[in-house]
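Trainee: I have a model open on my screen and would like to learn how to read it. Could you walk me through a few features?

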Amino acid sequence: MAAVAESVIKPASRFRFILDRRDVLGSVFVAPAILYVLLLVGLPFLMAVYYSVSAYTIYNPSWQFVGLENFQQIVQDPEFRRTLSNTFIFTFGSQALGLVLGKFGALVLLRPFPGRKLVRALIILPWAVPVALATVAWQWMFDSLYSVINWTLIALGFITRAQAPNWLGTTDLAMISVIVVNAWRFFPFAVVIFLAGITAVPQDVLDAATVDGAGFWRRNYQIIVPMILPIVAIGLIFGIVFTFTDLSIVFLMTQGGPIDATSVLGFKGFQTGIVSGDVSHGAAISLFMLPVLLVVVIFMLRFIRRREI
Amino acid sequence: MAAVSTRDIVKKFGDVPAVNGISLTVPDGEFMVLLGPSGCGKTTFLRIICGLERQTSGDLLIGDDVVNDIPPRARGVAMMFQSYGLYPHFTVRNNIAFPLKTQSVPGADIAKKVEWASQLLGIGHLLDRRPRQLSGGERQRVALARALVREPTALLLDEPLSNLDAKLRASARLEIKQFQQRVGITTVYVTHDQVEAMGMGDRIAVIDQGQVRQVGTPTEIYDDPADRFVATFVGTPPMNIVARNGGFLGFRPENFLPKEMIDDEPCTEFRFRVDRSEYLGSERIVYGVLDGFDPGQVITAKLPPAHVAEESIRPGEWHPFAVRNSALRHFDKDGKRAVRA
């Protein structure tokens, strides 16, 4: 007994239970994430801001401050203005198409039919396949000579060989093509979001709507869609952020062509800043993403806060 | 308003029958309670009446019309769901107005009817709130207002009180009953709670395994159960059933009394060994076994506490108990009610 009492009295080191304190342990756990964000997001961002107001190129790496000259130059460039509008068309076009496809996909997958589990697994494929692989496949489907789409249209008698569209060689068709590919990549995500949302709507509410006289369309657009809007909005916001900053599909399929018809901000910034070595103008181009992303992020944070209440 | 009746309704999910041939008529203006244990098919039956499920076979009539293939919105029945099914993104006003909007009722009429329904249920001050800002009792009234606003021919209620706390449930029970009497609407009310069934129903249909076991007034159901299931399902504690002469003998715990308390009428005597007794304030529940019957079967007696002094009923001792012959119920070997064994 005496021994036990003695060991209790023995004063513990000040730091012995330091990790039991929530504030200390929490900081320790959060530190890697904060370091990661500071080093790999914060620092490059600050460097981009500085590059954009300097005359830095890889041939003349001077840190000479030139003010907003780079911005003035690119805004006056019609190619850049086209890129800016392309980015909006690309982003919102593919999101809208992806959402519509996602809603339909979710409604189809909610109905029981033989092989539904297999289809549910397959529908994730566009999202899971590496973007480079998928894009190469699409490139062949849109090829001017070997396009399976054109081949089908000709075989079905809708068009003749001479009328076959050159998907990636015509300005409007090329934009439609990259939008379709991006929507195809985004739509499994939309399906999952819609499925999660729709299955979370209580059956009682749907039954009540049916008994209250609502048909299919009214049930969908006055009951289900408004109820799942917060979830869909979060999904859409993520989609916008990913698409607005994306360059992979454009880079792999069209290289921004023909004549800049599919050039988007990410691609243009990469071409100017990295490929051509004009780092300062490349940084200025990329920074044009900032206002849009800022607005989107503010929306996202407000949405999350509203859902918490 | 109209009568609702069914002819031999069967509903199978795969090979499993949920409703197994129910024929039931609810006359115009009656308050009919469907009472049964969970999983007995009562909710499925209600969903067939309102059209959310299609019966496998059988006919459903509302008024004089067979409505088997008429969609829910055209049947003119309203249903109130267990968790109310209020639209969370609408205000109370729009929740109540929704059934009218789907019928393309003109806006001015909608406002008038919403006003009428909300006054009827005393929720006029809640019209601009959303369902999540309401208490359980208020939600229930909104759901009732929404069900009534288009003046349905029949009102279907699926366990509407099960989400309320005990105190609120008692007052809501009274309110719904009074309300139904005032409006005079044909009502089918599903519950597993016999207190609700006994207290509210004009008539009760006791349902088990997809079949109606008995239809009758609360008195008939309680005093003259048609079979052993009804006898043991209704009543707390349930009726005591003992095997005798190849059949069964049933008696309610409150009719099973110490011999000295019965002196006016012919009665049947039992020797009763008390094992345990519970004092519940207004009554005393006594558990024990009967001499000469299955010693594993627990028999209950419900005694008025004032009559029996604490010391006269001692655990472990045999006491003379009896049941008035008029209170004995006889069942045949299949559990059906027999006239007299």
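Trainee: Let me start with one residue: is B:Asp165 buried or exposed?

Mentor: Keep in mind that this is a predicted model. To judge burial, we count the other C-beta atoms within 10 Å of a residue's own, and 12 or fewer means exposed. B:Asp165 has 9 such atoms within 10 Å, so B:Asp165 is exposed.

Trainee: Where does B:Asp165 lie in chain B?

Mentor: Look for the loop between β7 (154–158) and α6 (166–183) of chain B; B:Asp165 lies there.

Trainee: What is the strand order in the open sheet of 5 strands in chain B?

Mentor: Follow the sheet from one side to the other and you get β13-β17-β14-β15-β16, with antiparallel pairing. The edges are β13 (257–258) and β16 (299–303); each has a single partner strand, so one side of each is left without a neighbour in the sheet.

Trainee: How many bridges join β13(B) to β17 of chain B?

Mentor: There are 2 bridges, and β13(B) runs antiparallel to β17 (residues 318–324). For a pair to find on screen, B:Pro258 stands opposite B:Phe321 in β17(B).

Trainee: Now a helix in chain A. Where is the kink in α9(A)?

Mentor: Check the span before the bend. Helix α9 (residues 171–199) has 29 residues and reaches 41 Å from first C-alpha to last, close to the 42 Å expected. The kink, of about 35°, lies at A:Phe186, shortly before the proline A:Pro188.

Trainee: Last one: how many residues of chain A are in contact with chain B?

Mentor: Count each side separately: 14 residues of chain A are in contact with 17 of chain B. On the chain A side, α10 (203–211) and α11 (216–244) each supply at least two residues, and α10(A) gives the largest share, 6 residues. By class, that side has 8 nonpolar, 2 polar and 4 charged residues.

Methods
Residues numbered from 1 in each chain as written. Chains lettered and ligands numbered in written order. Predicted model: local features only at pLDDT ≥ 70, side-chain atom pairs only at ≥ 80, totals over all residues. Contact = placed C-beta atoms within 7 Å. Helix = DSSP H or I, 4+ residues; strand = E, 2+ residues; numbered from the N terminus. Nonpolar A, V, L, I, M, F, W, Y, C, P; charged D, E, K, R; others polar. Expected span 1.5 Å × (residues − 1). Bend = angle between axes of the 7 residues up to and from the residue. Buried ≥ 20, exposed ≤ 12 C-beta atoms within 10 Å, placed from the backbone. Pairing = 2+ DSSP bridges.
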